[in-house]
Amino acid sequence: MIRIAFVRFLIVGAVNTLVGYGLFCAFLYVGLAPLIALTLATVLGVCFNFFSTGRIVFGHKDPSRFRRFVLLYVVYFAVNAGLLESARAFGLSAYAAQALVMPPLVIALYLGQRRFVFGPPAENQFKKAPS
């Protein structure tokens, strides 16, 4: 079940990441500083990500988990911001730096959501009810 949840996480995460990275790029394009663009993209993505990841990946609809989800995203943001600025210090553009730091952060985010926010995927969330 864990492998299936991780595959669902990758699919849902790809959509979430495209939205978040798209927002980040759009904010850079209009002239915002990279950390401001990252902040806005993260804040705008958190609500959508909570419901899409919680329901589709982990089979949870409990809104009481939102506080832990936000806390995890605060940590994620801090690490992301540090890595973004570190990569930029090596001469990468903000676009390339963010694209580079995202893959390891996505794996860490899955593990954090699985262990800290949602717990293991619900065993029977996608099984059909008996007829």
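Modeller: The expected span of a helix is 1.5 Å times one less than its number of residues. Helices themselves are DSSP runs of H or I with at least four residues, strands are runs of E with at least two, and both are numbered from the N terminus. The structure is a predicted model, in which local features need pLDDT of at least 70 and side-chain atom pairs count only at pLDDT 80 or more, while totals for chains, interfaces and linings use all residues. Residues are numbered from 1 along each chain as its sequence is written, and side-chain values use heavy atoms, with hydrogens and water left out.

Biologist: How many helices and how many strands does the protein have?

Modeller: Read along the sequence, the pattern is α-α-α-α. The secondary structure therefore comes, by the DSSP rule, to four helices and zero strands.

Biologist: What distance does α4 span between its end C-alpha atoms?

Modeller: A straight helix of 24 residues would span 34 Å at 1.5 Å a residue.

Biologist: At which residue in α4 does a kink lie?

Modeller: The bend at a residue is the angle between axes fitted to the seven residues ending there and the seven starting there. In α4 the kink is about 40 degrees and comes shortly before the proline P103. The residue at which the kink lies is M102.

Biologist: On which residue is the kink in α2 centred?

Modeller: Helix α2 (residues 34-57) has 24 residues, for which a straight helix would reach 34 Å, but its end C-alpha atoms are only 30 Å apart. This helix has a kink of about 40 degrees, centred on V46.

Biologist: How far apart are the end C-alpha atoms of helix α3?

Modeller: Helix α3 (residues 66-89) has 24 residues, which should span 34 Å at 1.5 Å a residue. The distance in the model agrees with this expectation, at 34 Å.

Biologist: Is Y110 buried or exposed?

Modeller: Buried means under 20% relative accessible area, exposed means over 50%, and partly exposed lies in between, with a 1.4 Å probe and protein chains only. Y110 lies in helix α4. Its relative accessibility is 3%, so Y110 counts as buried.

Biologist: How are the rings of F9 and Y110 arranged: is the pair stacked, edge-to-face or tilted?

Modeller: Rings of Phe, Tyr and Trp (its six-membered ring) pair if their centres lie within 6.5 Å; planes under 30 degrees apart count as stacked, over 60 as edge-to-face and the rest as tilted. By this rule the count comes to 11 aromatic pairs. The ring centres are 4.9 Å apart and the planes stand at 55 degrees, so the pair is tilted.

Biologist: How far apart in space are R8 and V57, C-alpha to C-alpha?

Modeller: R8 lies in helix α1 and is buried, with a relative accessible area of 14%. In sequence, R8 and V57 are 49 residues apart. In space, their C-alpha atoms are separated by 5.4 Å.

Biologist: How many disulfides does the count come to?

Modeller: A disulfide is a covalent bond between the sulfur atoms of two cysteines; here it is taken as a pair of cysteine sulfur atoms within 2.5 Å. C25 is buried, with a relative accessible area of 17%, whereas C47 is partly exposed at 43%. The number of disulfides is zero.

Biologist: Which residue just after α4 takes a positive phi?

Modeller: After α2 comes G59, with a positive phi near 70 degrees, and after α3 comes G91, with a positive phi near 95 degrees. Just after α4, the residue with a positive phi of about 80 degrees is G119.
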